[in-house]
Amino acid sequence: MSQPDVTHRLVPTPAGRIHLVEQGSGPLVLLVHGFPESWYSWRHQLPVLAAAGYRAVAIDVRGYGRSSKPESVASYRMLDLIEDNTAVVHALGEQTAVIVGHDWGSGIAANSALVRPDVFRAVGLLSVPYAPRGGPRPSEIFARMGGDDELYVSYFQAPGRAEAEIEPDVRGWLAGLYAALSGDTMPAPGSPDPHFISPGGTMRDRFPEGRLPAWLSEHDLDSYAAEFERTGLTGPLNRYRNMDRDWEDLADFDGAPLTQPSLFLGGALDASTTWLADAIKAYPTTLPGLRSCHILDGCGHWIQQERHEEVNQHLTDWLGSLPA
């Protein structure tokens with residue numbers, strides 16, 4: 001990213017430090033990425049939001065990039081990430097912010113707004129719908145999915161297991177995952193689902209090969225791979241290893257609606273959208289502040305990169321509708 005008015009900063013948080021990239025001035029919009037991404041996944045949004053009159057800030061979540069990487073698995077629980085986001089807002093000299101998240105960042109954004117409504121005045125959710133805490137332990141739900149195959153979330157649980165697959169060839173694994181979940185390169189209907197792992201197999205067994213999705217240049221892939229080759233994948237994977245802990249920590253919010261003004265954007269071809277279709281149908285109850293909801297035809301999981309012009313338009317329109 002070459003814009004001269006982009007600023008990289010390290011700010012103090014309970015994790016130690018969070019690295020962020022900032023552009024523009026005006027009301028603060030905090031952008032939270034998912035797995036396996038980084039602040040770089042918001043490269044198309046930063047200049048557009050800045051030009052629209054906002055202070056756009058994209059962070060590296062705890063465990064990623066130049067942000068701190070605590071050793072303990074428990075240090076990646078949701079409550080700790082909420083504290084990081086709150087600390088970033090205050091370190092930037094602000095009291096409130098709009099928070100927008102993609103993938104895991106969607107869940108982090110939603111819970112930040114739920115737990116700290118005094119700080120996060122509006123919330124934008126990309127790809128992963130809001131579903132209130134409730135039901136059985138997440139690990140029990142995921143263990144029942146897939147029949148003889150294993151859902152990737154369960155595959156990620158044992159420390160070191162997924163790392164052993166990914167880290168010998170970070171660039172190749174990232175390329176495969178990005179292609180597997182992109183609208184233009186995902187496996188054809190009826191092919192083995194890349195969200196599941198065959199007994200004794202690996203995730204990459206089901207990744208497509210030989211073509212990058214249109215949104216991902218060789219330079220973009222190099223940028224992602226360089227960071228993960230430097231940092232490893234344990235910090236990012238530890239987010240998945242806290243699902244049951246989060247379920248326990250957030251018991252007081254069981255069934256709670258998210259009442260701030262909100263936005264949801266999803267891809268029509270994204271499993272996060274199709275598997276959680278009932279969560280989207282429940283939005284009148286669970287997301288009563290919803291002002292904008294759009295499902296983009298032909299779009300996969302990496303929505304703000306696959307379809308950045310449409311996402312930018314929806315984001316700026318929604319932001320413009322919020323109270324000052």
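The model is predicted, so local features need pLDDT of at least 70 and side-chain atom pairs count only at pLDDT 80 or more, while totals for chains, interfaces and linings use all residues. Residues are numbered from 1 along each chain as its sequence is written, and side-chain values use heavy atoms, with hydrogens and water left out.

**Helices that pack together**

- Let's start with α2 (residues 78–91) and α3 (residues 104–115), which pack at an angle of about 75 degrees with their axes 9 Å apart.
- That angle makes α2 roughly perpendicular to α3.
- On the α2 side, the contact is made by Met78, Leu81, Ile82 and Asn85; on the α3 side, Trp104, Gly107, Ile108, Asn111, Ser112 and Val115 take part.
- Sorted by class, the residues of this α2–α3 contact are 6 nonpolar, 4 polar and no charged.
- A second pair, α7 (residues 170–180) and α8 (residues 218–231), packs at about 125 degrees, with axes 9 Å apart.
- Here the angle makes α7 oblique to α8.
- The crossing of α7 past α8 is right-handed.
- From α7, the contact uses Val170, Arg171, Leu174, Ala175 and Tyr178; from α8, it uses Glu218, Leu221, Asp222, Tyr224, Ala225, Phe228 and Glu229.
- This α7–α8 contact has 8 nonpolar, no polar and 4 charged residues.

**What the helix words mean**

- Helices (H or I, at least four residues) and strands (E, at least two) are DSSP runs, numbered from the N terminus.
- Axes are lines fitted to C-alpha atoms, for helices over the stretch in contact, and angles run from 0 to 180 degrees between N-to-C directions.
- Angles under 35 degrees count as roughly parallel, over 145 as roughly antiparallel, 65 to 115 as roughly perpendicular and the rest as oblique.
- A crossing is right-handed if the near helix is turned clockwise from the far one by less than a right angle, and left-handed if anticlockwise.
- Contact means heavy atoms within 4.5 Å.
- For the classes, Ala, Val, Leu, Ile, Met, Phe, Trp, Tyr, Cys and Pro are nonpolar, Asp, Glu, Lys and Arg are charged, and the others, Gly among them, are polar.

**Pockets**

- On a 1 Å grid over the protein atoms alone, a pocket is an open set of points with protein on both sides within 12 Å along at least five of seven lines, a cavity is a set where a 1.4 Å probe fits but cannot get out, and lining residues have an atom within 4 Å of a point.
- Points are joined across faces, edges and corners, and a volume is the space filled by probe spheres set on them.
- The largest pocket holds about 1,300 Å³ of space.
- Its lining has 45 residues, with Trp104, Val128, Phe142, Met243 and Leu276 nearest the centre.
- α3 gives the most to that lining, with 6 residues, and the lining of the largest pocket has 33 nonpolar, 7 polar and 5 charged residues.
- The second largest pocket has about 330 Å³ of space and is lined by 18 residues, with Met186, Pro187, Asp193, Pro194 and Leu269 nearest its centre.
- For the second largest pocket, α11 (271–275) is the top contributor to the lining, with 3 residues.

**Cavities**

- Searching the whole structure turns up 2 cavities of 30 Å³ or more.
- The largest cavity contains about 80 Å³ of space, and of its 13 lining residues the closest to its centre are Val61, Tyr64, Trp104, Ile108 and Arg239.
- The second largest cavity has a volume of about 30 Å³.
- Ile18, Ile59, Val61, Arg62, Leu81, Asp84, Asn85 and Ile108 line the second largest cavity, and α2 gives the most to this lining, with 3 residues.

- Most residues other than glycine have a negative phi, and most peptide bonds are trans.
- The peptide bond from Phe35 to Pro36 is cis, with omega near -15 degrees; Pro36 sits in the loop between β3 (28–32) and α1 (45–51).
- Asp103 is not a glycine, yet has a positive phi of about 60 degrees; you'll find Asp103 in the loop between β5 (97–102) and α3.
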